[in-house]
Amino acid sequence: SGSFSSSQAASVCSNAIDAVPALCIDHLPSTLSQDDAVRLCAGAASLTPAYCARQMGRVTEKDIDRCRKEVSAPTSLSIKDLSYPGSSLGPSVPIKVTLLLLDQFGQFLSTDSGTYVSARLDASGAKGASLGGGNVNVTDLGVATFSGLTVDMQGNFTVRFYVGGEGPPAASLHLRLGQDETEARLAGDCVGLFDSFSCGPNDSPAMSRGGTKETKSTIPFPQSLRFISCLDILREAGFEALMDAQDGHLQLRAGDRVSMMATGAGLITRDMNHWERLGLEMGSSKAAVRKAYFRKSLEWHPDRWVQHPRYRGKATQAFELVSEAYRELMGCAEGDC
(Lines give C-alpha, C1' and ligand atoms only; values in the text may rest on other atoms or scores of the structure.)
Protein backbone atom coordinates (compact mmCIF):
# COMPACT_ATOMS: atom_id res chain seq x y z
CA SER A 1 0.00 0.00 0.00
CA GLY A 2 1.25 3.50 -0.87
CA SER A 3 0.29 4.82 2.60
CA PHE A 4 2.97 2.69 4.24
CA SER A 5 6.54 3.81 4.55
CA SER A 6 9.23 1.82 2.77
CA SER A 7 10.44 0.38 6.10
CA GLN A 8 6.92 -0.70 7.05
CA ALA A 9 6.38 -2.30 3.63
CA ALA A 10 9.71 -4.10 3.98
CA SER A 11 8.68 -5.43 7.41
CA VAL A 12 5.37 -6.78 6.04
CA CYS A 13 6.93 -8.48 3.02
CA SER A 14 10.15 -9.71 4.66
CA ASN A 15 10.60 -13.46 4.07
CA ALA A 16 7.16 -13.65 2.45
CA ILE A 17 6.80 -16.37 -0.20
CA ASP A 18 3.50 -15.03 -1.54
CA ALA A 19 1.19 -12.01 -1.36
CA VAL A 20 -0.69 -13.18 1.75
CA PRO A 21 0.86 -10.60 4.16
CA ALA A 22 -0.10 -7.77 1.80
CA LEU A 23 -3.62 -9.21 1.40
CA CYS A 24 -3.83 -9.45 5.18
CA ILE A 25 -3.17 -5.70 5.35
CA ASP A 26 -5.92 -5.06 2.78
CA HIS A 27 -8.47 -6.99 4.88
CA LEU A 28 -7.80 -5.15 8.14
CA PRO A 29 -10.29 -2.63 9.56
CA SER A 30 -9.44 0.96 8.59
CA THR A 31 -9.33 1.99 12.26
CA LEU A 32 -6.13 0.00 12.86
CA SER A 33 -2.93 2.03 12.91
CA GLN A 34 -0.19 1.28 10.37
CA ASP A 35 2.21 0.09 13.06
CA ASP A 36 -0.42 -2.32 14.47
CA ALA A 37 -1.22 -3.52 10.94
CA VAL A 38 2.45 -4.33 10.35
CA ARG A 39 2.77 -6.20 13.66
CA LEU A 40 -0.39 -8.19 12.89
CA CYS A 41 0.25 -9.16 9.27
CA ALA A 42 4.05 -9.38 8.94
CA GLY A 43 4.86 -12.97 7.94
CA ALA A 44 1.20 -14.00 7.96
CA ALA A 45 0.52 -17.35 6.26
CA SER A 46 -3.23 -16.72 5.97
CA LEU A 47 -5.84 -13.99 6.29
CA THR A 48 -6.99 -15.32 9.66
CA PRO A 49 -5.20 -12.57 11.69
CA ALA A 50 -7.08 -9.92 9.70
CA TYR A 51 -10.47 -11.67 10.09
CA CYS A 52 -9.77 -12.01 13.82
CA ALA A 53 -9.08 -8.28 14.14
CA ARG A 54 -12.25 -7.42 12.20
CA GLN A 55 -14.33 -9.17 14.90
CA MET A 56 -13.21 -6.63 17.49
CA GLY A 57 -14.16 -3.05 18.09
CA ARG A 58 -10.98 -1.61 19.50
CA VAL A 59 -7.86 -3.72 18.98
CA THR A 60 -5.41 -3.80 21.89
CA GLU A 61 -1.84 -5.07 22.10
CA LYS A 62 -3.14 -8.26 23.71
CA ASP A 63 -5.62 -8.67 20.82
CA ILE A 64 -2.82 -8.32 18.26
CA ASP A 65 -0.81 -11.05 19.96
CA ARG A 66 -3.85 -13.33 20.13
CA CYS A 67 -4.90 -12.72 16.52
CA ARG A 68 -1.38 -13.40 15.23
CA LYS A 69 -1.58 -16.85 16.87
CA GLU A 70 -5.19 -17.56 15.83
CA VAL A 71 -5.63 -20.66 13.66
CA SER A 72 -8.61 -21.08 11.38
CA ALA A 73 -10.79 -24.03 12.49
CA PRO A 74 -13.98 -25.63 11.10
CA THR A 75 -16.75 -24.14 13.21
CA SER A 76 -20.00 -23.49 11.37
CA LEU A 77 -21.91 -24.22 8.18
CA SER A 78 -23.82 -22.18 5.65
CA ILE A 79 -26.55 -23.67 3.44
CA LYS A 80 -25.59 -22.88 -0.13
CA ASP A 81 -28.25 -24.77 -2.05
CA LEU A 82 -31.44 -26.78 -1.49
CA SER A 83 -33.27 -28.78 -4.15
CA TYR A 84 -35.74 -31.65 -4.55
CA PRO A 85 -37.54 -33.31 -7.47
CA GLY A 86 -40.99 -32.09 -8.46
CA SER A 87 -42.83 -28.93 -7.53
CA SER A 88 -43.73 -29.73 -3.90
CA LEU A 89 -41.96 -31.17 -0.89
CA GLY A 90 -43.64 -34.11 0.82
CA PRO A 91 -42.80 -37.13 2.99
CA SER A 92 -39.98 -39.35 1.67
CA VAL A 93 -39.13 -36.90 -1.15
CA PRO A 94 -35.30 -36.85 -1.44
CA ILE A 95 -33.78 -33.49 -0.56
CA LYS A 96 -30.35 -32.39 -1.76
CA VAL A 97 -28.59 -29.97 0.58
CA THR A 98 -25.22 -28.33 -0.17
CA LEU A 99 -23.37 -26.74 2.75
CA LEU A 100 -20.25 -24.59 2.95
CA LEU A 101 -17.82 -25.12 5.82
CA LEU A 102 -16.87 -21.90 7.64
CA ASP A 103 -14.28 -21.10 10.28
CA GLN A 104 -14.81 -19.27 13.57
CA PHE A 105 -14.76 -15.94 11.72
CA GLY A 106 -17.36 -16.91 9.13
CA GLN A 107 -14.85 -17.46 6.31
CA PHE A 108 -15.25 -20.23 3.74
CA LEU A 109 -12.66 -23.00 4.19
CA SER A 110 -12.12 -23.67 0.50
CA THR A 111 -9.20 -26.06 1.02
CA ASP A 112 -10.73 -28.23 3.73
CA SER A 113 -11.40 -31.87 2.85
CA GLY A 114 -12.34 -34.72 5.19
CA THR A 115 -14.18 -32.87 7.96
CA TYR A 116 -17.20 -34.87 9.11
CA VAL A 117 -20.62 -33.22 8.90
CA SER A 118 -23.71 -34.92 10.33
CA ALA A 119 -27.44 -34.29 10.03
CA ARG A 120 -30.09 -35.00 12.66
CA LEU A 121 -33.80 -34.34 13.00
CA ASP A 122 -34.55 -32.00 15.89
CA ALA A 123 -36.01 -34.43 18.45
CA SER A 124 -38.21 -31.80 20.10
CA GLY A 125 -40.35 -31.49 16.97
CA ALA A 126 -39.86 -34.89 15.34
CA LYS A 127 -43.34 -36.22 16.32
CA GLY A 128 -42.25 -39.78 15.56
CA ALA A 129 -40.70 -38.94 12.18
CA SER A 130 -37.27 -40.20 11.19
CA LEU A 131 -34.53 -38.78 8.98
CA GLY A 132 -33.17 -41.05 6.25
CA GLY A 133 -30.93 -40.90 3.23
CA GLY A 134 -27.47 -40.91 4.83
CA ASN A 135 -26.90 -38.74 7.89
CA VAL A 136 -23.09 -38.36 7.75
CA ASN A 137 -20.91 -36.77 5.08
CA VAL A 138 -17.40 -35.33 4.69
CA THR A 139 -16.26 -32.09 3.13
CA ASP A 140 -14.58 -31.86 -0.26
CA LEU A 141 -12.80 -28.52 -0.74
CA GLY A 142 -15.00 -26.98 1.92
CA VAL A 143 -18.30 -28.34 0.58
CA ALA A 144 -20.50 -31.05 2.13
CA THR A 145 -23.38 -32.42 0.06
CA PHE A 146 -26.28 -34.54 1.32
CA SER A 147 -27.87 -35.93 -1.83
CA GLY A 148 -30.98 -37.71 -0.55
CA LEU A 149 -32.18 -36.66 2.91
CA THR A 150 -35.77 -37.72 3.58
CA VAL A 151 -38.35 -37.23 6.33
CA ASP A 152 -41.02 -39.92 6.39
CA MET A 153 -43.97 -37.91 7.71
CA GLN A 154 -45.76 -34.70 6.82
CA GLY A 155 -45.53 -31.65 9.05
CA ASN A 156 -43.01 -28.99 10.08
CA PHE A 157 -39.53 -30.23 10.94
CA THR A 158 -36.04 -28.88 11.62
CA VAL A 159 -32.88 -30.65 10.44
CA ARG A 160 -29.76 -29.72 12.44
CA PHE A 161 -26.30 -30.03 10.91
CA TYR A 162 -23.20 -30.54 13.05
CA VAL A 163 -19.47 -30.18 12.39
CA GLY A 164 -17.75 -33.35 13.56
CA GLY A 165 -20.99 -34.59 15.13
CA GLU A 166 -20.35 -32.76 18.41
CA GLY A 167 -21.20 -29.44 19.99
CA PRO A 168 -24.05 -27.07 19.13
CA PRO A 169 -25.76 -27.14 15.71
CA ALA A 170 -23.66 -25.49 13.00
CA ALA A 171 -26.64 -24.86 10.70
CA SER A 172 -30.39 -25.51 10.69
CA LEU A 173 -32.82 -26.28 7.88
CA HIS A 174 -36.54 -25.75 8.44
CA LEU A 175 -38.83 -27.96 6.34
CA ARG A 176 -42.57 -27.87 5.75
CA LEU A 177 -43.69 -31.19 4.30
CA GLY A 178 -47.21 -31.33 2.91
CA GLN A 179 -49.25 -34.31 1.84
CA ASP A 180 -47.61 -36.55 -0.67
CA GLU A 181 -49.60 -37.81 -3.64
CA THR A 182 -50.66 -41.00 -1.85
CA GLU A 183 -51.94 -39.16 1.21
CA ALA A 184 -53.86 -36.75 -1.01
CA ARG A 185 -55.54 -39.65 -2.83
CA LEU A 186 -56.43 -41.33 0.47
CA ALA A 187 -58.15 -38.12 1.48
CA GLY A 188 -59.87 -37.85 -1.93
CA ASP A 189 -60.86 -40.53 -4.43
CA CYS A 190 -59.54 -43.36 -2.23
CA VAL A 191 -61.05 -42.18 1.06
CA GLY A 192 -62.22 -45.12 3.18
CA LEU A 193 -59.92 -47.53 1.38
CA PHE A 194 -58.89 -49.32 4.58
CA ASP A 195 -62.27 -49.15 6.32
CA SER A 196 -63.09 -52.74 5.32
CA PHE A 197 -60.52 -53.89 7.90
CA SER A 198 -63.02 -53.24 10.69
CA CYS A 199 -63.68 -56.92 11.40
CA GLY A 200 -67.11 -56.98 9.80
CA PRO A 201 -68.89 -60.17 8.68
CA ASN A 202 -66.64 -60.54 5.62
CA ASP A 203 -63.39 -60.23 7.55
CA SER A 204 -61.10 -62.83 9.12
CA PRO A 205 -58.64 -60.96 11.32
CA ALA A 206 -56.52 -63.83 12.61
CA MET A 207 -55.52 -66.02 9.71
CA SER A 208 -52.13 -67.70 9.82
CA ARG A 209 -50.02 -67.96 6.69
CA GLY A 210 -46.60 -69.56 6.92
CA GLY A 211 -46.57 -68.97 10.67
CA THR A 212 -47.27 -65.23 10.25
CA LYS A 213 -50.58 -63.77 11.39
CA GLU A 214 -52.41 -61.81 8.76
CA THR A 215 -55.72 -60.10 8.17
CA LYS A 216 -57.96 -60.48 5.16
CA SER A 217 -61.00 -58.53 4.05
CA THR A 218 -63.49 -58.44 1.20
CA ILE A 219 -64.89 -55.30 -0.39
CA PRO A 220 -68.09 -56.49 -2.08
CA PHE A 221 -69.29 -55.55 -5.55
CA PRO A 222 -70.30 -52.88 -6.57
CA GLN A 223 -68.41 -50.91 -3.85
CA SER A 224 -65.24 -52.57 -5.13
CA LEU A 225 -65.49 -50.69 -8.44
CA ARG A 226 -64.81 -47.43 -6.63
CA PHE A 227 -61.39 -48.65 -5.51
CA ILE A 228 -60.06 -50.12 -8.77
CA SER A 229 -57.93 -47.00 -9.32
CA CYS A 230 -56.51 -47.36 -5.78
CA LEU A 231 -54.94 -50.81 -6.18
CA ASP A 232 -51.46 -49.30 -6.53
CA ILE A 233 -51.85 -47.63 -3.12
CA LEU A 234 -52.88 -50.93 -1.55
CA ARG A 235 -49.87 -52.75 -2.96
CA GLU A 236 -47.50 -49.94 -1.98
CA ALA A 237 -48.94 -50.15 1.54
CA GLY A 238 -48.05 -53.85 1.75
CA PHE A 239 -51.43 -55.40 0.89
CA GLU A 240 -52.19 -58.16 -1.56
CA ALA A 241 -55.18 -57.05 -3.66
CA LEU A 242 -57.07 -59.28 -6.06
CA MET A 243 -60.27 -58.53 -7.98
CA ASP A 244 -62.44 -61.66 -8.29
CA ALA A 245 -63.23 -62.09 -11.98
CA GLN A 246 -66.51 -63.91 -11.28
CA ASP A 247 -68.32 -61.85 -8.67
CA GLY A 248 -66.35 -58.54 -8.81
CA HIS A 249 -65.44 -58.61 -5.09
CA LEU A 250 -62.08 -57.12 -4.09
CA GLN A 251 -60.08 -59.51 -1.90
CA LEU A 252 -57.50 -57.90 0.38
CA ARG A 253 -54.90 -59.55 2.56
CA ALA A 254 -52.03 -58.22 4.67
CA GLY A 255 -49.88 -59.09 7.68
CA ASP A 256 -51.35 -58.03 11.02
CA ARG A 257 -48.69 -55.37 11.57
CA VAL A 258 -49.21 -53.85 8.11
CA SER A 259 -52.98 -53.65 8.58
CA MET A 260 -52.40 -52.01 11.97
CA MET A 261 -50.20 -49.39 10.35
CA ALA A 262 -52.67 -48.70 7.55
CA THR A 263 -55.79 -48.48 9.72
CA GLY A 264 -54.32 -47.35 13.04
CA ALA A 265 -56.34 -50.08 14.80
CA GLY A 266 -54.36 -51.77 17.57
CA LEU A 267 -51.30 -49.50 17.33
CA ILE A 268 -49.39 -48.70 20.51
CA THR A 269 -50.25 -45.13 21.54
CA ARG A 270 -48.98 -42.69 24.13
CA ASP A 271 -52.26 -42.72 26.05
CA MET A 272 -51.78 -46.44 26.89
CA ASN A 273 -50.31 -47.23 30.28
CA HIS A 274 -47.01 -49.09 30.51
CA TRP A 275 -48.65 -52.50 30.98
CA GLU A 276 -50.94 -52.01 27.98
CA ARG A 277 -48.04 -51.05 25.73
CA LEU A 278 -46.41 -54.42 26.43
CA GLY A 279 -49.71 -56.33 26.25
CA LEU A 280 -49.51 -57.41 29.89
CA GLU A 281 -51.86 -57.52 32.84
CA MET A 282 -51.07 -55.04 35.59
CA GLY A 283 -48.70 -56.52 38.16
CA SER A 284 -47.08 -59.08 35.85
CA SER A 285 -43.67 -60.38 36.89
CA LYS A 286 -40.39 -58.87 35.73
CA ALA A 287 -39.71 -62.04 33.80
CA ALA A 288 -42.97 -61.49 31.89
CA VAL A 289 -42.00 -57.85 31.31
CA ARG A 290 -38.66 -58.90 29.81
CA LYS A 291 -40.30 -61.48 27.57
CA ALA A 292 -42.98 -59.04 26.38
CA TYR A 293 -40.42 -56.33 25.73
CA PHE A 294 -38.25 -58.70 23.68
CA ARG A 295 -41.24 -59.66 21.53
CA LYS A 296 -42.60 -56.11 21.11
CA SER A 297 -39.21 -54.50 20.45
CA LEU A 298 -38.54 -56.99 17.66
CA GLU A 299 -42.01 -56.38 16.24
CA TRP A 300 -41.69 -52.59 16.10
CA HIS A 301 -37.97 -52.02 15.56
CA PRO A 302 -37.63 -49.43 12.72
CA ASP A 303 -35.06 -51.56 10.88
CA ARG A 304 -37.75 -54.17 10.25
CA TRP A 305 -39.79 -51.61 8.30
CA VAL A 306 -37.26 -50.59 5.66
CA GLN A 307 -39.38 -52.24 2.93
CA HIS A 308 -42.35 -50.08 3.99
CA PRO A 309 -40.82 -46.59 4.43
CA ARG A 310 -44.25 -44.93 4.76
CA TYR A 311 -44.73 -46.77 8.08
CA ARG A 312 -41.24 -46.33 9.52
CA GLY A 313 -42.13 -43.18 11.47
CA LYS A 314 -45.04 -44.95 13.20
CA ALA A 315 -42.83 -47.97 13.92
CA THR A 316 -40.19 -45.70 15.49
CA GLN A 317 -42.80 -44.09 17.72
CA ALA A 318 -44.20 -47.50 18.79
CA PHE A 319 -40.67 -48.78 19.49
CA GLU A 320 -39.90 -45.75 21.68
CA LEU A 321 -43.16 -46.20 23.63
CA VAL A 322 -42.40 -49.90 24.21
CA SER A 323 -38.86 -49.08 25.36
CA GLU A 324 -40.14 -46.37 27.71
CA ALA A 325 -42.66 -48.81 29.23
CA TYR A 326 -39.94 -51.42 29.76
CA ARG A 327 -37.62 -48.96 31.52
CA GLU A 328 -40.39 -47.75 33.82
CA LEU A 329 -41.65 -51.22 34.73
CA MET A 330 -38.13 -52.54 35.33
CA GLY A 331 -37.26 -49.45 37.39
CA CYS A 332 -34.11 -48.52 35.50
CA ALA A 333 -32.75 -45.36 33.89
CA GLU A 334 -32.45 -44.97 30.12
CA GLY A 335 -29.51 -47.02 28.82
CA ASP A 336 -29.13 -49.02 32.07
CA CYS A 337 -31.47 -51.93 31.28
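1. Four strands make up an open sheet, ordered β5-β3-β7-β8, with antiparallel pairing. Two strands count as paired if DSSP finds at least two bridges between them. The edges are β5 (136–138) and β8 (171–177), each with a single partner strand, so one side of each has no neighbour in the sheet. From one strand to the next the twist averages 25 degrees; axes are lines fitted to C-alpha atoms, and angles run from 0 to 180 degrees between N-to-C directions.

2. This is a predicted model, in which local features need pLDDT of at least 70 and side-chain atom pairs count only at pLDDT 80 or more, while totals for chains, interfaces and linings use all residues. Residues are numbered from 1 along each chain as its sequence is written, and side-chain values use heavy atoms, with hydrogens and water left out.

3. Within the sheet, β7 (residues 155–163) pairs with β8 in the antiparallel sense over seven bridges. Phenylalanine 157 has leucine 175 in β8 as its bridge partner.

4. The protein chain has 11 helices and 12 strands; these are DSSP runs (helices H or I, at least four residues; strands E, at least two), numbered from the N terminus. Of its 337 residues, 39% are buried, meaning under 20% relative accessible area with a 1.4 Å probe, protein chains only.

5. The largest nonpolar core has 37 residues, and Leu234, Phe239, Leu278, Val289, Trp300 and Tyr311 touch the most other members. Such a core is a set of buried Ala, Val, Leu, Ile, Met, Phe, Trp, Tyr and Cys residues joined through side-chain atoms within 4.5 Å. At least two residues each come from α7 (231–236), β12 (250–255), α8 (256–263), α10 (286–300) and α11 (312–330). The most come from α11, which gives nine. A second, separate core of 27 residues includes Ala129, Leu131, Phe146 and Leu177.

6. Beyond its neighbours within four places in sequence, leucine 234 is in contact with Leu193, Phe194, Phe239, Ala241, Leu250 and Leu252. Contact means heavy atoms within 4.5 Å.

7. The 19 residues of α11 should span 27 Å at 1.5 Å a residue, and its end C-alpha atoms are 27 Å apart, which agrees. The expected span is 1.5 Å times one less than the number of residues. Among the buried residues of α11 are Phe319, Leu321, Val322, Tyr326, Leu329 and Met330. The cover over the buried residues of α11 includes α8, α9 (274–277) and α10. Glycine 331 follows α11 and has a positive phi, near 70 degrees.

Technical notes: Buried < 20%, exposed > 50% of the residue type's maximum accessible area, 1.4 Å probe, protein only.
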